[in-house]
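Student: I am new to this structure. Please take one part and look at it closely, then show me how it sits in the whole.

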Amino acid sequence: MSKELIKKIKLPIFVLAILVLPIFFGSQIPVEIKSISYALSLSMKGVLEFLLPFIIFSFVFSCLSNLQKGALFFVFLLIVCVFVSNFTALMLGYTSGYVGLNLLHFTASAIESSPQLLPAWQFHLPKLISNDIALLIGFATGIFFSFWPSAKAKNIASSLNKLANGFLKKVFIPFLPLFILGFIFKLEHEQILQTALSLYGPVLILIVVSQWCYLCLWYLIASNFSFKKFLFYIKNVFPASLVGFSTISSAAAMPVLLVSTEKNLNNSEKAKMLVPAIINIHTIGSAIGIPILSLATIITFGLPLPSLSTFAIFALYTALAKYAVAAVPGGVIIVVAPILEAHLGFSSDMIGLITAVYLICDPFGTVANVTANGVFPIMFTKLHEKLKTVNLPTFLGGKEQDLPELSEGEIS
């Protein structure tokens, strides 16, 4: 096993150990140590919540302001299609979770109340701006500069992106197991962890089945329900999916996915235009997995499931937040955690549990993300071809020579 592969799987292994070891040794650890660990986790959460609005703004601003390849209509259509695709997958995840968890008879009846674990100290930083406001400002600013490019704005966006990525990759992510550990100690102390782990095995199967049923439908539609073309697309994307699973990184799979997309579109320029633009913001695997995990977590804690309208609002903000996802392990759940708290009533304990379980499921979600990003360019190309024949205003790139020449590749 190579050092690079060990480095990639190290974090999920640590998280799995943090989940399992407290079950066997939690009773032997003094309550004082658990309390200190829990306080440290809450303190780290407070720092993250303080910085997260700035991180969200920097990622959204950087992502959207750099979408300058091609006409404005192409940029606008790509942003809209990514949003609609993520939102649809989130609502599918809610539906699949709502139905599937009922069929699995997933309940919280086995969880009994136990003495609560209290933090050894309290730490709080006031929020200067809410995440929702930062998200909307970043979205508006990024779109503005994608339509009216500015070299100075691009440099600022690049600097902000480097700062935010540096904090997550070099400061927060290396200590992510420590961040989770305090919440896991609390869940173990209150007898929630043992029950949750025994229940989440079937939930993982439900997530994977839901993801691949949806992806197969996408590929069938993209291939016009031609089984031969369907196999052609899947065969080309399969190597990229394997890289995504082994590295647990969509970004690491991007070079292979570029080659796959070049084959499926029969044009390297189109692939180079689309794949890098969507690799971190179009995440179908997590869009389906997070709703199912969130519903399972809500049931685990004995709370009522959210209504369709309540979840739709959560899905709306989450689909927007996808533009702010960092290219780091667990990046999606880090950004979505405050939305879970604000719109689905998640507590710190619930965030700790869903973060830990999400990281265990992350390899399967990454495979789904990469596979979905293999079919999205095909679908987007077809839609763009149909819409670009419509007479558009000049400011949207109505002149045909200003638009990227996109068409579906021939299959030889």
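Tutor: Start with Val47, which is found in helix α2. Helices (H or I, at least four residues) and strands (E, at least two) are DSSP runs, numbered from the N terminus. The model is predicted: local features need pLDDT of at least 70, side-chain atom pairs count only at pLDDT 80 or more, and totals for chains, interfaces and linings use all residues. Residues are numbered from 1 along each chain as its sequence is written, and side-chain values use heavy atoms, with hydrogens and water left out.

Val47 is partly exposed, because its relative accessible area is 31%. The cut-offs: buried means under 20% relative accessible area, exposed means over 50%, and partly exposed is in between (1.4 Å probe, protein chains only).

Together with Ile36, Leu40, Trp121, Phe123, Phe175 and Leu178, it forms a nonpolar patch on the surface. Patch members have over 30% relative accessible area and no salt bridge; nonpolar side chains (Val, Leu, Ile, Met, Phe, Trp, Tyr) are joined within 5 Å, like charges within 9 Å. A salt bridge is a side-chain nitrogen of Lys or Arg within 4 Å of a carboxyl oxygen of Asp or Glu. Helix α2 (residues 31-65) gives the patch its largest share, three residues.

Now step back to the whole. The protein has 14 helices and zero strands. It exposes about 18,100 Å², and carbon and sulfur atoms supply 68% of that. Of its 412 residues, 53% are buried.

Next, look inside. In soluble globular proteins, nonpolar side chains tend to be buried together. Here the largest nonpolar core has 115 residues, and Phe172, Val203, Tyr323 and Leu340 touch the most other members. Helix α14 (residues 348-387) gives the most to this core, with 16 residues. A nonpolar core is a set of buried Ala, Val, Leu, Ile, Met, Phe, Trp, Tyr and Cys residues joined through side-chain atoms within 4.5 Å.

Take Tyr323. Leaving aside neighbours within four places in sequence, its contacts (heavy atoms within 4.5 Å) include Phe59, Val60, Cys63 and Leu64. Ile79, Val82, Phe83, Phe139 and Ile281 are also in contact with Tyr323. Across the protein, residues 24 or more positions apart account for 85% of the contacts with a separation of 6 or more.

Notes. Areas by Shrake-Rupley, 256 points an atom, 1.4 Å probe, with all protein chains shown as cover.
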